[in-house]
Amino acid sequence: MKTDQFAKDLVTGSYDLLVLDILQRRPAYGYEIVRHIAKESKHTIRWHFGTVYHVLHHLERRGLATSSWKKAGRSRERKYYRLTTRGRAAWRQQRGQWQAFSRAVNAL
């Protein structure tokens with residue numbers, strides 16, 4: 001397996017957790033999420049916009065997030081996503097699993 005593929009697989013397996021992490025802090029819209037992930041990962045993780053919307057719709061279908069349109073400026077609206085109660089519980093569970101896994105790998 002190439003290193004590039006390994007890194008891609010790591011990110012793909014953590015899509016939900018990355019978005020849950022951002023939404024547990026505050027509601028956000030898709031473009032904002034993509035920018036935040038790129039900035040905080042020092043541009044190691046760069047998503048296409050289709051990726052973030054796929055993840056957001058997946059979280060909505062599972063009842064982990066909900067969305068609503070809000071005005072942004074004079075005539076533009078943005079769709080903001082926020083966690084549901086189930087989403088917060090899923091975030092806590094996934095964050096705990098990630099931390100335990102990370103500790104185990106780092107201990108090796």
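**Fold, core and pocket of the predicted model**

From the N terminus on, the elements of the protein follow the order α-α-β-α-α-β-β-α. The model is a predicted one. In total, the protein contains five helices and three strands. Its C-alpha trace spans about 55 × 30 × 20 Å along the principal axes. The chain has 108 residues, of which 32% count as buried. When contacts between residues at least 6 apart in sequence are considered, 47% of them join residues at least 24 apart.

The largest nonpolar core consists of 22 residues. Within this core, the residues with the most contacts are Val19, Leu23, Ile33, Trp47, Leu56 and Leu59. At least two core residues come from each of helix H2 (15-25), helix H3 (30-40), helix H4 (49-61), strand S3 (77-83) and helix H5 (85-107). Helix H2 gives the most, with five residues. The surroundings of Ile33 give a detailed view of the packing. Apart from its neighbours within four places in sequence, Ile33 is in contact with Val19, Ile22, Leu23, Ala28, Val52 and Leu56.

Aromatic side chains were examined next. A search of the whole structure finds four aromatic pairs. One of these four is formed by Tyr15 and Trp47. The arrangement of Tyr15 and Trp47 is edge-to-face, with 4.9 Å from centre to centre and 70° between the planes. This pair links distant parts of the chain, as Tyr15 belongs to helix H2 and Trp47 to the loop between H3 and H4, 32 residues apart. The two partners also fall into separate accessibility classes. Trp47 has a relative accessible area of 9% and is therefore buried, the limit for this class being under 20%. Tyr15 has a relative accessibility of 21%, so Tyr15 counts as partly exposed.

The largest pocket of the model has a volume of about 770 Å³. Its lining is made up of 31 residues, and those nearest the centre of the pocket are Leu10, Val11, Ser14, Leu18 and Ile45. Helix H1 (3-12), H2, H3 and H5 each supply at least two residues of this lining. H1 gives the most to the lining, with seven residues. By residue type, the lining of the largest pocket comprises 14 nonpolar, ten polar and seven charged residues.

Val11, one of the lining residues nearest the pocket centre, lies in helix H1. Val11 is buried because its relative accessible area is 19%, and the class requires a value under 20%. Leaving aside neighbours within four places in sequence, the contacts of Val11 are with Ile45 and Trp47. Ile45 is also among the lining residues nearest the pocket centre, while Trp47 is one of the core residues with the most contacts. The C-alpha atoms of Val11 and Arg46 are 9.8 Å apart in space, and the two residues are 35 apart in sequence.

Helix H5 contains Ala100. The relative accessible area of Ala100 is 36%, so this residue is partly exposed; the class lies between the limits of 20% and 50%. Ala100 and Arg86 are 14 residues apart along the chain, and their C-alpha atoms are separated by 21 Å.

Notes
Residues are numbered from 1 along each chain as its sequence is written. This is a predicted model: local features need pLDDT of at least 70, side-chain atom pairs count only at pLDDT 80 or more; totals for chains, interfaces and linings use all residues. Side-chain values use heavy atoms; hydrogens and water are left out. A nonpolar core is a set of buried Ala, Val, Leu, Ile, Met, Phe, Trp, Tyr and Cys residues joined through side-chain atoms within 4.5 Å. Buried means under 20% relative accessible area, exposed over 50%, partly exposed in between (1.4 Å probe, protein chains only). Helices (H or I, at least four residues) and strands (E, at least two) are DSSP runs, numbered from the N terminus. Contact means heavy atoms within 4.5 Å. Rings of Phe, Tyr and Trp (its six-membered ring) pair if their centres lie within 6.5 Å; planes under 30 degrees apart count as stacked, over 60 as edge-to-face and the rest as tilted. On a 1 Å grid over the protein atoms alone, a cavity is a set of points where a 1.4 Å probe fits but cannot get out, and a pocket is an open set with protein on both sides within 12 Å along at least five of seven lines; lining residues have an atom within 4 Å of a point. Grid points are joined across faces, edges and corners, and a volume is the space filled by probe spheres set on the points. Ala, Val, Leu, Ile, Met, Phe, Trp, Tyr, Cys and Pro count as nonpolar, Asp, Glu, Lys and Arg as charged, and the others, Gly among them, as polar.
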